[in-house]
Amino acid sequence: MKVRLPQLRILVLGGLVAAGMACQQAPPRLKTEGAPPSAAAVPAAVPADQLPYVYTRWKHFTVREGLPNDHIFAVKADGPRVWVGTEDGLACLDKRTGAIRAWKEKDGLPWRVVTAIDVDKRTGDVWLGLFGGGLARFSGGRFDHFNQLNSGLVNDVVYGVAIEHDNVWAATTAGASRYNVVTGQWTVFTEKNAPMEEIWNYSVSYDNGKVYLGVWGSGCLEFDVATERWKPYLDPDGEMEIDLYRDDGIIHVIVTGASHVDDALWISTYFGSCRYDGRHWRGFYAQETGLPSDFTNNVKGRSSREGWFATDKGLGVVADFPSDTVVSYTRDPQTLRGKATLYRSGKILKVVDMERSVPHNFIISLDIDGNDAWIGTARGLGWAIGTGYYPGLRKGADRRAGRAAEAAAPAGDPASGKRR
Amino acid sequence: MRFKAALLLRFLAALALPLPLLAGWLRGEEKERHPVFVGARVCASCHDGKAMGRQATCWCQSKHAKAYASLAAPEAGKIAVWSGIPQEPQEAAVCLGCHATGAEAEDWEKDDTFFLKDGVQCEKCHGAGSEYADERIMKDRDAAVRKGLEIPTLDDCLKCHKEKGSHTAVLKRPPVDVAAGMNLIAHRRPAGERAARPTLPEPPAANHPGSKYTGVMACAECHGAPAMGYQFSKWCVSKHAEAFAVLGTPAAVPIAATMGVQGDLQASIACLKCHTTAYHQPASGGLGSYSVYEGVGCEACHGAGSDYAREAVMKNRTRAAPAGLKKIDRETCLACHQDAHGKPFDHPTALKAIAHPTQAPEVVEGPRYKTPLNVAIRPDGKELYVACEAANSVIVVDAAARRQVAEIPVGGQPADVTFSPDGRRAYVSNRLDDSVSVIDVRARRVTATIHAGDEPHGVLTDRAGKTLYVLNTSDESISVVDAASLKEVKRLAAGRGPWSLALSPDGSRLCVTNQLSRFVKFRMPSMSEVTMVDVKSATVDHRIVVPGANLIQGVAWHPSGQYAIVTLLRTKNLVPMTRLLQGWTITNGLGIIWADGRVDQVLLDEPGQCFPDPTDVAVTPDGRLALVTSSSSDRVAVVDLPRLIGMLRQASQEERETVFPHHLGKAAEFVIKHIATRTSPRGLAIDPAGKTAYVASALDDSLTVIDVRTLEAVGRVDLGGPAAITKARFGERIFHSAKNTFHRQFSCHSCHPDGHIDGLTYDTMPDGIGVGPVDNRTLRGILDTAPFKWEGTNPSLQRQCGARLAVFFTRVQPFTPEEITALEEYICMIPRPPNRYRPVGAKLTEAQRRGKAIFERTRTNDGRVIPKEKRCMTCHFPPLYTDRLRHDVGTRMRLDEVGNFDTPHLNNIYDSAPYLHNGIADTLEEIWTRYNLEDKHGVTNDMTKDQLNELIEYLKTL
């Protein structure tokens, strides 16, 4: 089955539109979606009781707690601060106090829809991608606005933003822009000077000398900062969402996110996700791994063995890549209770029921924050509190982690999600 | 038959070609190649000889051919000063733009046969010739034009020959009459003569074994620099350089006749023997760089140079002589000059005339002033360091003896100075050089130089001395420098025009002033920023807005840490400046920046007696007094801080926000004294004991010493400047004085700080509120860009600053003729800083190169010809990038009375935002994205975003 370009464009737009509608209705089902099966062999080397850390403590933030809007398009942890981009405003959450400060257009925010955030660790400046409004720098309380009319930004529809040394990269619907904050020079990357068959850039990230663009229809493009050369990662199967030859390359050229960490490149597409270690590719399909869905909006790698995926049906975490262990976090739309399902090679190992998990199953943004994680959904922001977090696997560890979390939560802790 | 075969081949090939390519190919079109400069000698290969009216010969003797060399004349240096060019004229793009050909071209745009030092050559007027130089093309005028041949008109001559104030001022002669000049350089061909290539006989010794002639340009590579006494330029204007050309003049004919030589003298071996280099002495011919048109060049005397011309050989006499460098003696000259044409020859006199100086000519400079701008006191209180802008030095003053003890050379235009907390180092910002000099205090010398951003001003370290902060006033940033490695570790975004900074008493915060307002919406008042930096993280943690204020410069913390005090102006640029009569235009005061971010503003002006241009502030260690300099009224105001703060605390919030910032009657409540200083007090510092204050009196070359206890000026420390006051210095004092404005409200400096911009749009005419708003333009390098005003109605600076200024701005008696002449002279000499985006000699980046192609393009992206009047280069041609005419580029707005505006020059255009006549465009991009929707300001709407970005990258290099 081949998906035509117009259909895919609608799906892409659907990512954002659905975020706006999700609190009213369940997200649309994809034709490619299949229920997670349980048939797969457990790797012999890893006993079934070797389990990954499971996030059982969640705190939710919505307009009720002070967010400007519940449709969370971007989240970025910055020390004790967490920056939150919404459909109608920017917010900054103080982890220590739970206090939220919000900015809307009336407060100087140049554009209401904030779709991307990155923080320049050196200067402390917060860079915002604005959906239709260009770029903004938030520095010391001042918003500086860069758009396609007053600057060299190639397009105002900005999906992603990333800091690379003195450069700010913006992934836009008409190519990528690079702005050097010292020289003031803007550089545009399109089909003219980059291997972009399509110029619709969905994401941009930076790690260790390389910039990674996720491009609708052009896969993941790696830019070597030192040599200024591009290296494309494309789907060897072409535009087929069917993976004809397994693990031969990127799952699909419609890439929504790319996150490089340690030696691994984690990639999300609308037709599944994948990981590349510089030599080997590995594709992740929902029906084979237990990830909630193939329709993946975003990705964040925590390490070379742990990758987090924001999907339209929940949060999927490849919690231990070597053992093919996955944790899928979802929320029951009826009971509103949370659930973490642990899989190994697609087989359910365990189901953990919790009072709460992700605030909504339609997830478009996430960030890792030390032991914690922040999940931006169509109905608020979720804070996954990682007290006692450990990487990899431990014997019977999820129970210990859960108990440690309970013990660590102080009375009335705003993060605990409940009063004691 | 052959024709048919060719057609058939084309047809077959056509089947394989895409349609658009096919169409062009069938028309026989070739891909358009970028023309490159080929040089006058290539043109001369056809354009000389009797049949061609000896055009090249005529050019050789013209001033055009000596235009480059003329830049070595002392007058050129003076003109450069009058043009605000702080560079060697032969290296300055603005000078070369008219005194050479292809000055804007990169190396790849010049053929090996082209030499910039040939001055104004054929291609200066006719365009780069590589594509039309072919004889077959040149004989078809239309074809040649299609290939880039330009047919200049008188208007084209005016691109360079339009009167320039700097040239008129120095040369004291009227501009060139271009109509008459056109006649002078007319390229006439004798009637009835049949064009034929000029031919020369073979040099008699062309096959002689040994060295070859390299030509004078090879020698000029080393022997042209100022350090070598401009030897090439001196030769260039000598008769030797014209020796071949004179053979083509009518005057040469009778002389030759006396020697029995007739016919074409330029083809006569007898004449060429002494009138050229190659026919002079035996050699094995000439390299490609040699041309007979050089006349008698270096090698005529020194011998063919191909084997000794290399610098390594030339510098080693034992190697140079065997390689062919001949020793010159009397006989060398006499070989040609003895009894030549019956002229007497005095060898010593002649030798003196062609002397080859080996050092730079002595420049007779006027008095060199010091212009102290800021002063810092060593932590132990024993010495003062004074940054002296005009002297490029820091002067060390013994605090006890109150006398200068040393002067330390630093970079260009030092602006601010500070000490490391241990007192071992001093840091000096060099505004012209974009650097910070690091001084070893004990050794009293510069030990390192740190590269900073554009035009660094304020400098200060943190309390531990580990981090140095440098305010880059022109690129709106703060350099954070690791004091150990002296490397910049990051750059923070400041406000616009960061100026001074002060460390809070607990060392945790830096308060940074910014002298330009943020960009505000059209016809809205200023919103300036005070930037707070968290020292621990070295990040900006707060930006405090000071509404209605601009030129926020000086800053000092109160010892309590509760607030910082800044100096500020409140410029009423939205109403006609003639409202000054009612107390409008500019008020001057202080801002109180509370630690929690609140702001109060109070005025230091009093009714009838303003306190113009408050520039710096210092607080006594006991927190009781603040001293504030007024640079244009030569006073220091003493502010009783408890009274000031008490007044604020007793007032309502509404009073503090809406009354005090405008109230001319409040200063009397907290200003307890005015202390007179010497001329133009700028920076000041109070010693750690709180007993003495030192004020840098910029235009008196001195420090004024103030006893803080008695509040009296008790001394003057002479910094060693010249006693004589030149006309320009007098003008500088006028520029920085408020004496010539009603109630002494402001000075020229108030709107043109340090000769540049304040970033505001003014309503300068009494034609209704808001009518005809105009952007304030820089004065840097302004003289040669006449006429002045956006309407282009003032032909001279004297007119601009004369009675008109009194009527519309100052509202007092106009300047006297003596004053206005001096003022003009000073304004002319305000230097234009070197371009930051393309240092002298630097190649263009790839993006800039592509931008240049856009700037010079003649066709749109889809191939349409852009009408000449819609091309960038038509109105913005080099070297000033203005045609100095008015044009309607579609920017007229509702409040404008006219639509034609003066074409602004583009030199250093990046540092004078906002743009367009009314300052409506905050950025260069907006000029075209927002305000050129109908392609009236050049054809730009076909451009892609990357093309516009690259165009802007190029514009920044101009």
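Trainee: Where is B:Pro787 found in chain B?

Mentor: In this predicted model, B:Pro787 sits in the loop of chain B that runs between strand S30 (773-775) and helix H27 (797-800).

Trainee: And what kind of peptide bond joins B:Ala786 and B:Pro787?

Mentor: That bond is cis, with omega at about 5°.

Trainee: Which bond goes from B:Ala913 to B:Pro914, cis or trans?

Mentor: The bond from B:Ala913 to B:Pro914 is cis, with omega near 5°, and B:Pro914 lies in the loop between strand S32 (901-902) and helix H32 (924-929) of chain B.

Trainee: Switching to phi angles, what is the value for B:Thr371, and where does that residue lie?

Mentor: Phi of B:Thr371 is near 55°, which is positive although the residue is not a glycine, and B:Thr371 belongs to the loop between helix H21 (347-353) and strand S1 (372-377) of chain B.

Trainee: Is B:Thr371 buried or exposed?

Mentor: B:Thr371 counts as buried, because 24 C-beta neighbours fall inside 10 Å and the cut-off for burial is 20 or more.

Trainee: What about A:Leu336, buried or exposed?

Mentor: A:Leu336 counts as exposed, because it has 11 C-beta neighbours inside 10 Å. Phi of A:Leu336 is also positive, near 65°, and the residue is in the loop between strand S26 (325-331) and strand S27 (338-344) of chain A.

Trainee: Going back to chain B, which residues of helix H28 are buried?

Mentor: In helix H28 (residues 803-810) of chain B, the buried residues include B:Leu805, B:Phe809 and B:Thr810. Looking down the axis of H28(B), the buried residues fall within an arc of 60°, so they line one face of the helix.

Trainee: Why would residues a few places apart end up pointing the same way?

Mentor: An α-helix has 3.6 residues a turn, so residues three or four places apart point the same way.

Trainee: What follows H28(B)?

Mentor: H28(B) is followed by B:Arg811, whose phi is positive, near 60°.

Trainee: Let's zoom out, then: how many helices and strands does chain B have?

Mentor: Chain B has 33 helices and 32 strands, and its C-alpha trace spans about 105 × 70 × 55 Å along the principal axes. Of its 958 residues, 49% count as buried.

Trainee: What domains does the assignment give for chain B?

Mentor: The assignment gives domain 1 (1-31), domain 2 (35-188), domain 3 (201-340 + 354-360), domain 4 (729-828) and domain 5 (846-955). The C-alpha centres of domain 2 of chain B and domain 5 of chain B lie 26 Å apart, and their contact takes eight residues from domain 2 of chain B and six residues from domain 5 of chain B.

Trainee: Which element gives the most to the domain 2 side of that contact?

Mentor: Helix H6 (residues 93-99) of chain B gives the most on that side, with four residues. By class, the domain 2 side that touches domain 5 of chain B has four nonpolar, one polar and three charged residues.

Trainee: And between the chains, how many residues are in contact?

Mentor: There, 21 residues of chain A are in contact with 23 residues of chain B. On the chain A side, the elements giving two or more residues are strand S9 (134-139) and strand S14 (186-189) of chain A, and by class that side has five nonpolar, eleven polar and five charged residues.

Trainee: Which residues have the most contacts inside the largest nonpolar core?

Mentor: That core has 115 residues, and those with the most contacts inside it are A:Leu128, A:Leu135, A:Val158 and A:Val161. A second, separate core of 114 residues includes B:Tyr213, B:Tyr308, B:Ala309 and B:Cys828.

Trainee: Last one: where does A:Asp144 lie, and what is it in contact with?

Mentor: A:Asp144 lies in strand S10 (residues 142-146) of chain A and, leaving aside neighbours within four places in sequence, is in contact with A:Ala136, A:Arg137 and A:Ser139. A:Asp144 counts as partly exposed, because it has 16 C-beta neighbours inside 10 Å.

Methods:
Residues are numbered from 1 along each chain as its sequence is written. Chains are lettered from A and ligands numbered from 1 in the order in which they are written. This is a predicted model: local features need pLDDT of at least 70, side-chain atom pairs count only at pLDDT 80 or more; totals for chains, interfaces and linings use all residues. Two residues are in contact if their C-beta atoms, placed from the backbone, lie within 7 Å. Ala, Val, Leu, Ile, Met, Phe, Trp, Tyr, Cys and Pro count as nonpolar, Asp, Glu, Lys and Arg as charged, and the others, Gly among them, as polar. A nonpolar core is a set of buried Ala, Val, Leu, Ile, Met, Phe, Trp, Tyr and Cys residues joined through C-beta atoms within 7 Å. A residue is buried if 20 or more other C-beta atoms lie within 10 Å of its own, exposed if 12 or fewer, and partly exposed in between; C-beta atoms are placed from the backbone. Domain bounds come from an automatic or database domain assignment. The arc is that of the directions from the helix axis to the C-beta atoms.
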